[in-house]
Amino acid sequence: MTKRNTTARACAALFLALAAAAMTGCAGLKQDAAATAASAAQNADLSTFYKLVQQAELGDVLNGSSPVTVFAPTNEAFQALPPATLDKLAKDPAQLKALLSYHIVAGKVQSAAITENTTLNTVGGGKLNVSKAGEFITIDDAMVTQADVSTSNGVIHKIDRVLTPPAPKK
């Protein structure tokens, strides 16, 4: 075997080894991506949201096979609420579920898909007014502080306020 053939075979073997490692790495990333609820649980900034999702029994919605988009208020957003509001929600599971459902949209909505004025239907039956100006995205009166946190079944957008569904019309 000539030196040229040996070098070519060594390069080919190295290329195949690197390609296999890269493909395994990509597959591993896909398999390791957590569902939306688990991603929220792993994010220290969303621990209050995750705790309330569990309390409202919405874990199945966020862990399901159908894609979801969550506009998740950060811990700081929940801390801005009056303490009496959180206490009231903790004692009223139906109201807590309605409030949190207002933050969840069926389907995966990446920030790139949001246009100047968009209306999204929530899983709770509400409508979110979403708008984008440059890199800034607002949802009702909240601002997205971190967009496009990918999960295995959707996406999380962190927001700086807790969204309040409109009062039912009488």
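The lining of the second largest pocket consists of six nonpolar, three polar and one charged residues. Here Ala, Val, Leu, Ile, Met, Phe, Trp, Tyr, Cys and Pro count as nonpolar, Asp, Glu, Lys and Arg as charged, and the others, Gly among them, as polar. The model is predicted, so local features need pLDDT of at least 70 and side-chain atom pairs pLDDT 80 or more, while totals for chains, interfaces and linings use all residues. Residues are numbered from 1 along each chain, and side-chain values use heavy atoms, without hydrogens and water.

A pocket is an open set of points on a 1 Å grid over the protein atoms alone, where a 1.4 Å probe fits, with protein on both sides within 12 Å along at least five of seven lines; lining residues have an atom within 4 Å of a point. Its volume is the space filled by probe spheres set on the points, which are joined across faces, edges and corners.

| Pocket | Volume |
|---|---|
| Largest pocket | About 200 Å³ |
| Second largest pocket | About 180 Å³ |

Residues lining the second largest pocket include Leu81, Lys88, Leu99 and Pro165. Both α6 (83-91) and α7 (93-101) supply at least two residues of this lining; helices are DSSP runs (H or I, at least four residues) numbered from the N terminus.

In α6, Lys88, Leu89 and Lys91 meet Pro93, Gln95, Leu96 and Leu99 of α7, where contact means heavy atoms within 4.5 Å. By class, this contact of α6 with α7 has four nonpolar, one polar and two charged residues.

The largest pocket has 12 lining residues, and Tyr102, Gly124, Gly126, Pro165 and Pro166 lie nearest its centre.
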